[in-house]
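Please examine the sequence and the structure shown below before reading the explanation.

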Amino acid sequence: MERGAGGGGGAGGGGGHHRAAKRLRTEQEAGGEELEDVEQEQDSAGEEAARSGGTESRSRRRGLKDREDNHCIPPSPVVHVRGLCDAVVEADLVEALDKFGNICYVMMMPFKHQALVEFDSVESAERCVSCGSREPVYIADQQAFFNFSTSQRISRPTNADDPASGNKVLLLSVQNPLYPITTDVLYKVCNPVGNVHRIVIFKRNGIQAMVEFESVENAQKAKLALNGADIYAGCCTLKIEYARPNRLNVVRNDNTSWDYTKPFLLHRERAKGRQRQAILGDHPSNTYGPQCPLLPLPTNSRYRRSSEEVQDMISYPVLLPRTSSSSSTSFPGHAASSSVAMVSGLHPTQMNCCRIFNLFCLYGNVEKVKFMKSVPGTALVEMGDGYAVDRAVTHLNSVKVFGKKLSVCVSKQQAVIPSQVFELADGTSNYQDFSLTRNNRFNNTQSSRNIIQPPAAILHFYNAPPILNQNYLHKLCAEHNVPTFTKFKVFDAKPSSKTLSGLLEFDGKTEAVEALTVLNHHQIRIPNSSNPYTLKLCFSTSSHL
């Protein structure tokens, strides 16, 4: 059966660093017709994830379940496709399914390994579902599974009634953005497919961008070739739909907006003393893990223009390490992203500075946290850099904590200043400095081991004392009035190991988030030990125990 999918860039399943990179379509792999102008359904119309693969008996059981579901759901022009592999892009679906009838629209759900495909008639959809129930249908060399969607039509962002309506402006949503996304990066990704005129990047709901092409045809090709693909290996996955505006207005050329028809449109200088600082610190590839190469379009791709048609790429400036001497340096034409996040929708009695730290530290170093007196339930979180804020916005925006939905966005403030100090409802201070705490996880050479993962129902615990057991953790959850776990697993430890690690599975994502918010960094004292153990938690990449 179908369920609502989470919104934003990180609510879907799949593990950021552990997902294989998605390849782009090549001429040998794709020979089908191009997709008609269509638009993409919003994430709220998503369906339950079902991973593919497994044994022959498992596939048979899934086929039987699909036939049962098809009897429960009335026929619809929209088909729910499950069991897609990581490598699938929109063009794969079009190539495999257009034999059943004309396709009006494709909505990719890459982190759920699913898609919604809208045909021009119920009869075409029935042919697709019927064929899939009788014999294997392969998409990108992997068997996929089909049943009717509960939706009769995929809603378009432009609300266009004409299924063939298109736009030369595409809306790109970047899911799992572990690395910085700038106009230069998007230009390198999109321009080989079609001539790019303008790019605007914004961060209201995660990382999104609008890209204006020279023509509707170029936008069509880009959507086919790039929808569902990874910009970098294993992360920064593109989800593409047609945008509402048909032209972008760019007032300056920098790392968040660029008009390639006006190369001399320079960034306006601010008044002296009010200039924003540039982001200081190494590129994330030097700080947060191994370098991820930008995935180029294959030279023989049917979507790539010939080399003489492709304009020279814009050079990408290298960010300097953070030093006192470089703290006032900024790159010409590249304004900095704020390293401060604003969080609203916080529970008035359950949330405090430490609990915000416990949640946000999974996505970067947390320097300072301050609750605002003028806006109840709102706090400012200063993080190590703008990339950490981007990850926090992507993964934590719209997440429920203690029955309240968080709203996380990039703040206009450049730093958190401890003014108007007061007590919160639990008696703790509204301001706390975490810059020197050892619980920040992105400070040392081990930071590359951090698992940057969206909230999930399974928590990974580590640095626990060797005497830790299931009963102790159940008691700990009860004492702190947080949901308890339903399954418990301890990893086999080395004989020389002085700590334990394992997994905790909860009833759902919300329960796991609340438990992590309260119990992360809880200190456990054991007899005959001078120093306590600091229990550390993070979201796991495992789908089940």
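Predicted model: local features only at pLDDT ≥ 70, side-chain atom pairs only at ≥ 80, totals over all residues.

Residues are numbered from 1 along each chain as its sequence is written, and side-chain values use heavy atoms, with hydrogens and water left out.

The protein contains ten helices and 23 strands; these are DSSP runs numbered from the N terminus, with helices (H or I) of at least four residues and strands (E) of at least two. Of its 545 residues, 54% count as buried. Here buried means under 20% relative accessible area, exposed means over 50%, and partly exposed lies in between, for a 1.4 Å probe and protein chains only. Among contacts (heavy atoms within 4.5 Å) with a separation of 6 or more, 76% are between residues 24 or more positions apart.

Serine 124 lies in helix α3, which covers residues 122–134. Its relative accessible area is 3%, and therefore serine 124 is buried. The side chains of serine 124 and serine 121 are joined by a polar contact of 3.1 Å. A polar contact is a pair of N or O atoms within 3.5 Å; within protein, one must be able to donate a hydrogen and the other to accept it, and residues adjacent in sequence count only if both atoms are side-chain atoms. Apart from its neighbours within four places in sequence, serine 124 is in contact with Phe100, Gly101, Asn102 and Phe119.

Helix α5 (residues 216–226) is largely enclosed by the rest of the structure, because eight of its eleven residues are buried. Among these buried residues are Asn218, Gln220 and Lys223. The buried residues of α5 pack against several elements, including α2 (90–97), β2 (103–109) and β10 (235–242). Just after α5, glycine 228 has a positive phi of about 100°.

Helix α8 (residues 386–396) is mostly covered, with eleven of its eleven residues buried. Among them are Asp390, Arg391 and His395. At the start of α8, a side-chain oxygen of aspartate 385 comes to within 3.1 Å of the backbone nitrogen of tyrosine 387. Just after α8, serine 398 adopts a positive phi of about 75°.

How do two helices meet? The axes of α7 (residues 353–360) and α10 (residues 509–519) come within 7 Å and cross at roughly 120°. That angle makes α7 oblique to α10. Axes are lines fitted to C-alpha atoms, for helices over the stretch in contact, and angles run from 0 to 180 degrees between N-to-C directions. Angles under 35 degrees count as roughly parallel, over 145 as roughly antiparallel, 65 to 115 as roughly perpendicular and the rest as oblique. In this meeting, Arg355, Asn358 and Leu359 of α7 touch Val513, Leu516, Thr517 and Val518 of α10.

Proline 466 belongs to the loop between β19 (458–464) and α9 (470–479). Its relative accessibility is 45%, so proline 466 counts as partly exposed. Leaving aside neighbours within four places in sequence, proline 466 is in contact with Lys498, Leu500 and Tyr533. Proline 466 and tyrosine 533 are 67 residues apart along the chain, and their C-alpha atoms are separated by 9.9 Å.
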